[in-house]
Amino acid sequence: MKNNGTHKLKKGFLGVFMNLILWIFSLSCIFPIIWMFYSSLKEKRVFNADIIGLPSEPTLLNYTRILSNPDYHLGASIWNSARTTLLSIAMIVAFSFIVGYILSRVRFKLNRVLYVMFLMGMLIPIHSLLVPIYIVFQKCGISNQWFTLLLPYVSFGLPMGIFLVEGFVKTVPVDLEEAAAIDGSSFSHTLWTIIFPICRPILVTVAIIQVFSCWNEFSFALVLLKDVGLQTVPLALTQFKGQFASDYPKQMAAMLITMAPILVLYFAFSKQIINGMVAGAVKG
Amino acid sequence: MNKRQALSAVLATAMVASLGVTASAATPVAATELAYTGELELMHYSTLEESQGNGGSDGFRTVLAAWQEAHPDITLNENVLANAEYKTQIQTLASANDLPDVFLLQGMNTKAWAEQGLIMDLTDTIAASPYYADYNQAYFTPFKTADGKIYGYPVLTGGTCTVVIYDKAMWKDAGFDAFPATWADVETAAAYFGEQGIDTIAFGNGGQWQANSDFLSTLGNRYTGPEWFQSLIDKAGAKFTDEAFVKALTEMQRLFTQTTIFNEDFNAVTNEDAREYYISGDAAAFIGGNWDWSYIYATLKESDPDKFANMGIAVLPQPADADKAPNSQNIGLGYAVAFNSNLAEDPDKLAAAIDLAQEITGPAFASYVAENYALGGLTKVADVDLSAFDQQTVDFYNWSYVDTETCEIYDSYINSAVWSILNTDMQSMMNGELDPATVAANAQAAYEENY
């Protein structure tokens, strides 16, 4: 009886301890957002005097200054980022699925060579390619266009997508496709109506990883775009930083404004996102 | 530059000069008749944010807008990025030999880009400028090569990078009617301020560049004199390992590691944090650049009139074993308006670019920044009317441009790779982790490898 009580006590303490650790981890993730929010309600001087403290006189001045000044072009940058991200994701998911499936299922001579070549894309640091890519784009006349960023984003997004899809498709029984073939289903019909829905969890995982990657991408956007009207969100946010001083509260207000579409996306699809992450973690 | 390009440059210059300039009532810029119509690329870093409170950027944007208004047939394609991103993109464009028509050239890139033929030799063009007689010739130094060729019109404002801002009342209480002229006296004052529980001088080197730009450039000059640095620029024999420079580093290390003058966290906080120590009264003085002075000035004027009235400025104190230029402070223009060398192929476009460069560095700009910010640029303004400014601003203007001896800003020259290594090592040195001789040797190795 006594042993049972001690065991329960130990279990209780362990539970509290584990929960405490999880709370600390959760807070360490959430606090920066909370800090950004209440700091955005401070004026520059107040923030510089005490960067952690709560605002004594909260003000929406930073938001009104940003939203009322067209020179900051945050709306245009959000649109540019959204358009580039959505189109990139659509292409990454479609190409990753097709290429990943073929590399997983179809046996041909250079199958593994091709697979390794795709995977090499994950090993190349993009900064080493910035200048050559800029020169190629410039010679081809495709730099500084609304579609300029699609090519590098899709190219550098594909290796990860193909890697995940190829691994996932291997776990799908071939019997399914054979049964479909016996029932008279064509290759493309089987691919899109049977395999594609089965692969949805891993494709959601690919999409999630790439949405954040494309939305936050900075280096290619900086080098390949010259027109201010084409700037994406990360590039537009740099304008709040001066050579010798920065207006951090205004920068945080701008960050929160530009984070809004991603947050909406997250809350709208949170269930699918979590399912996708779990599926990717287990089967990928 | 080949003969054809040289001829084009001379012709374009002559065209601009022969057209003459007529003052326009509607805009502050000279309304020169230009033959060119079409697009002109301009890349700079005077963002809206940068221009707020920064006189140079505000003046640049203002005069640029006026120039655009005066030349409606020319479409100015502006690519405006924050300074750090600007530097990355302009390096990429230079690597791809695709620099914009007109851009801001950083002093330390002049030599390499000139050798690669990326930028246009503007020596004759600048000499033919209608404002040439009023140019402050010293500002051209970072944009000159060893053979005397000039590659840019120095732009924006020349503000000090090393100024001591102190609270006169606090120092009077410590027994000093003015800020001490020697570090020995500052150390005496540090004992008093230590008893009061406040820092003597606030300094922030969290970004690593501050120790170089806001301290070493001036301190080094006190030991080496200007000839040593000029020799280093010209690769004429001077070395980072020369005794005088090592002595400067040694003194710097002593001040930061063996005295209690500075705030303990000087290597962790930036200048933006450190100046708050001064504003809040936690430090009796602060060392920074003209941008810090502007911030402290504006903040104290609004929030603490008494402290604002007690705001004083001084040069860096003189070390006991230094014997050069005790009244010096480093000042200069780090960027210049430069042209893509390909611009020579279109004389009309080149003439438009020259006109633009002359105006955004000329009297329109100089008058604007003098009248609104009490700052100076490339073009000197005769009889600046400072009557509209308060005493603090007048004092700072006179201190910056009249009463002190000037020296160079180290990192406006040579090569960023060299400064990157020196700055990182200096931060360790100021923590007592590296000795000055090693810091100097590493800098010299980087200099020999990269410059």
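# Close-up views of a predicted two-chain model

**View 1. Parallel pairing of β1(B) and β2(B) in the predicted model.** Strands β1(B) and β2(B) run in the parallel sense and are paired over seven bridges. One of the residue pairs is G38(B) with I74(B), the latter being the bridge partner in β2(B). The model shown here and in the following views is predicted.

**View 2. The five-stranded open sheet of chain B.** The strands of this sheet follow the order β2-β1-β3-β11-β4 (chain B), and their pairing is mixed. Its edges are formed by β2 (74-80) and β4 (153-154) of chain B, each of which pairs on one side only. Strand β1 (residues 38-44) of chain B is joined to β3 (residues 102-106) of chain B by two bridges, and these two strands run parallel. Within β3(B), F103(B) is the bridge partner of M43(B).

**View 3. Helices packed on the five-stranded sheet.** Helix α3 (residues 55-70) of chain B lies across β1, β2 and β3 of chain B, and runs at about 155° to β2(B). Helix α4 (residues 83-95) of chain B also packs on the sheet, where it touches β1, β2, β3 and β11 (335-339) of chain B. The direction of α4(B) makes about 120° with that of β1(B).

**View 4. The four-stranded open sheet of chain B.** Here the strand order is β7-β8-β6-β9 (chain B), again with mixed pairing. Strands β7 (199-202) and β9 (311-314) of chain B have a single partner strand each, so one side of each is left without a neighbour in the sheet. From one strand to the next, the twist averages 25°. Strand β6 (residues 163-167) of chain B and β9(B) run antiparallel and are joined by four bridges; in β9(B), M311(B) is the bridge partner of D167(B). Helix α8 (residues 183-196) of chain B lies across β7 and β8 (283-288) of chain B, at about 125° to β7(B).

**View 5. The interface of chain A and chain B.** In this interface, 31 residues of chain A are in contact with 33 residues of chain B. The area buried between the two chains is about 2700 Å², and carbon and sulfur atoms give 54% of this area. K226(A), Q243(A) and F244(A) supply 26% of the area that chain A buries against chain B, more than any other three residues.

**View 6. Polar and charged pairs across the interface.** Two salt bridges are found across the interface of chain A and chain B. A salt bridge joins the side chains of K226(A) and D98(B), with an N to O distance of 3.5 Å. Six residue pairs are in polar contact across the interface of chain A and chain B. On the side of chain A that touches chain B, the elements giving two or more residues are α2 (44-49), α6 (130-140), α11 (219-224) and α13 (248-268) of chain A. By class, this side of chain A has 15 nonpolar, nine polar and seven charged residues.

**View 7. A salt bridge between two helices of chain A.** Over all chains, the count of salt bridges comes to 15. E177(A) forms a salt bridge with R105(A), and the closest N and O atoms are 2.9 Å apart. Because E177(A) lies in helix α8 (residues 174-182) of chain A and R105(A) in helix α4 (residues 74-105) of chain A, the pair ties together parts that are 72 residues apart in sequence.

Notes
Residues numbered from 1 in each chain as written. Chains lettered and ligands numbered in written order. Predicted model: local features only at pLDDT ≥ 70, side-chain atom pairs only at ≥ 80, totals over all residues. Heavy atoms only, no water. Pairing = 2+ DSSP bridges. Contact = heavy atoms within 4.5 Å. Axes fitted to C-alpha atoms, helices over the stretch in contact; angles between N-to-C directions. Buried area = accessible area lost by both parts, 1.4 Å probe. Salt bridge = Lys/Arg side-chain N within 4 Å of Asp/Glu carboxyl O. Polar contact = N/O pair within 3.5 Å; in protein donor to acceptor, adjacent residues only side chain to side chain. Nonpolar A, V, L, I, M, F, W, Y, C, P; charged D, E, K, R; others polar.
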